[in-house]
Structures are given as structure tokens and as C-alpha cells.
Amino acid sequence: AGYFTYTCGKIYHDGSIKPKDRAAEFNEWGPAPGQGRPLEPIAKLPEPRHPAMDWGVFPERDEDAGDYKIATAAIEALQKSPQDKPFFIGCGFRLPHVPCYAPQKYFDLYPDATLQMPPVLETDRDDTPRFSWYLHWRLPEPRLHTLREYGEWRPLVQAYLASTTFMDAQLGRVLDALQASGRADNTIVVVWGDHGWHLGEKLISGKNSLWDRSTRVPLVFAGPGIARDAKCGRPAELLDLFPTLLELAGFP
């Protein structure tokens, strides 16, 4: 429809689209840097484990983190997008997701002494059929009893909060750049995630369930044609993002 289209970060799962097919999706493909890894795992968990099962303070500087670089790429795309045509920018942040890494200052916002832990009902399995506890992928996230045994439950919660706040700061950088571009009033912004996350609720961690904590996701629309501060209490489906954006943009 004449748009300048750009993508950066984890819009497609890494490697899930072949290079020969990329031209049909976006005019330009920006960088999709990973989060990087410290020399040794930070979290104390039983081995062997999936390399993504880690959390803690890393890297030292914001600028060295993958999501910072992804935000910078989106900002640069905003700045160079042609003024004579509309634009679509897909900016895919990696956090919050394992490994849950963030610089120290984001951990400092959630000191252990005042850390609010998620609600956990120890008898949560008692009134559900046994098969319901296996309705998930065989993913490597540790169960709550393992986190407790190794003293990693509180560190995981703290790291999840810190990494979420770090990502939010990068989103803020992109929105500031949109405002500075002078095109904010004519731009639709959608912020969403592809799954929720357990931090001990239902006695598990991770995204590998059909429970409420996994299936509820953030979904925020803002821009022309969207009511300010409105909330929708009905179920929504992420597959509906595409036709919704088409309608908001005035396309069939």
C-alpha cells in the first residue's frame, strides 16, 4: 500500500523465515542482536540445563544489551523513514524472556527486602485432573520446587522484574523518538507480547502452560481512531492484530 516497511529484533523467531522470502515481508531488515551471555551462568541450577535458563545482572552498560541495540535500530528507522509516505516499523524486543538479564540499576529498583513475590497456592493441583499438569511443551523451565531447592525463586522474580523494566525503558526511547519525529499524532502504536509467564504460580515457571498466567498477554493500542484510556474486558486473539490494523489504517 505504498508504505516504507522495516523490521528489527525478534519480530520473526530467529531463523524462521528464509532469506529468499524476506523481500516479500519488509522493505528493509534491520539487526536482530541476541542478549549476549556472561562467561559463566549466573543462576545456580542443576546441570545439565538449557543455556537460556539463566538470570542476573548482565551486561554492565545499557548500550551493550540486545534490546538497547534493537531500540536504537527502530529509532534510526524512524529518523530515516521517507516523509512522503507512511511507515510501518516492527520492533521486536527480546525481554522479558529467559535469560532474564539487565544492568544493575534495574535490579536496584527491586531490592530483596521489599520484593513482592507472586501468589502461590500450595494445594493448587488438588482439585484438577492429573493430565492437566502435562498440557504443555517439554520446555526446560524449572519447576517451583527446584527454584526453592536451589534458592533461585527470589532471584528469578527480581530478574524478571528488572528485565521487564529494562525493556520498558527501551520502548520509552522508541516512543520518545516517535514524538520527536512530529508524526506521533498520525501513528498507530501497538504494544503486545506473545505469551505470559509463570513465576511460581501453579507451582511452575515459564510459559509452558494453558493456565491464565501463560495465556494472558499485554495488548495495548494507541493512536488515531482509538479511544483514550479505554479497556476491553472481552477475550482477544493475537491473530486478530493484522485485520485490526488493516481496518484502523483504512484498508480492505
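Student: How is a residue sorted as buried or exposed?

Tutor: Buried means under 20% relative accessible area, exposed means over 50%, and partly exposed lies in between, with a 1.4 Å probe and protein chains only. Gln-170 has a relative accessible area of 1%, so Gln-170 is buried. This is a predicted model, in which local features need pLDDT of at least 70 and side-chain atom pairs count only at pLDDT 80 or more, while totals for chains, interfaces and linings use all residues. Residues are numbered from 1 along each chain as its sequence is written, and side-chain values use heavy atoms, leaving out hydrogens and water.

Student: Where is Gln-170 found?

Tutor: Helices (H or I, at least four residues) and strands (E, at least two) are DSSP runs, numbered from the N terminus. Gln-170 belongs to helix α4, residues 153-181.

Student: With which residues is Gln-170 in contact, leaving aside neighbours within four places in sequence?

Tutor: Contact means heavy atoms within 4.5 Å. With those neighbours left aside, Gln-170 is in contact with Asp-62, Asp-67, Tyr-68, Ala-71, Phe-93 and Tyr-106.

Student: Which side chain makes a polar contact with the side chain of Gln-170?

Tutor: A polar contact is a pair of N or O atoms within 3.5 Å; within protein, one must be able to donate a hydrogen and the other to accept it, and residues adjacent in sequence count only if both atoms are side-chain atoms. For Gln-170 the partner is the side chain of Arg-173, at 3.1 Å.

Student: What does the side chain of Arg-94 reach?

Tutor: The Arg-94 side chain reaches the backbone oxygen of Pro-33 at 2.7 Å. Arg-94 lies in the loop between β4 (87-92) and β5 (100-102), and its relative accessible area of 10% makes Arg-94 buried. Not counting residues up to four places away in sequence, Arg-94 touches several residues, including Lys-10, Asp-14 and Asp-67.

Student: How many disulfides does the structure hold?

Tutor: A disulfide is a covalent bond between the sulfur atoms of two cysteines. Here the test is a pair of cysteine sulfur atoms within 2.5 Å, and the structure holds 0 disulfides. For Cys-100, the nearest cysteine sulfur is that of Cys-91, 18 Å away. Cys-100 is buried at 0% relative accessibility, whereas Cys-232 is exposed at 57%.
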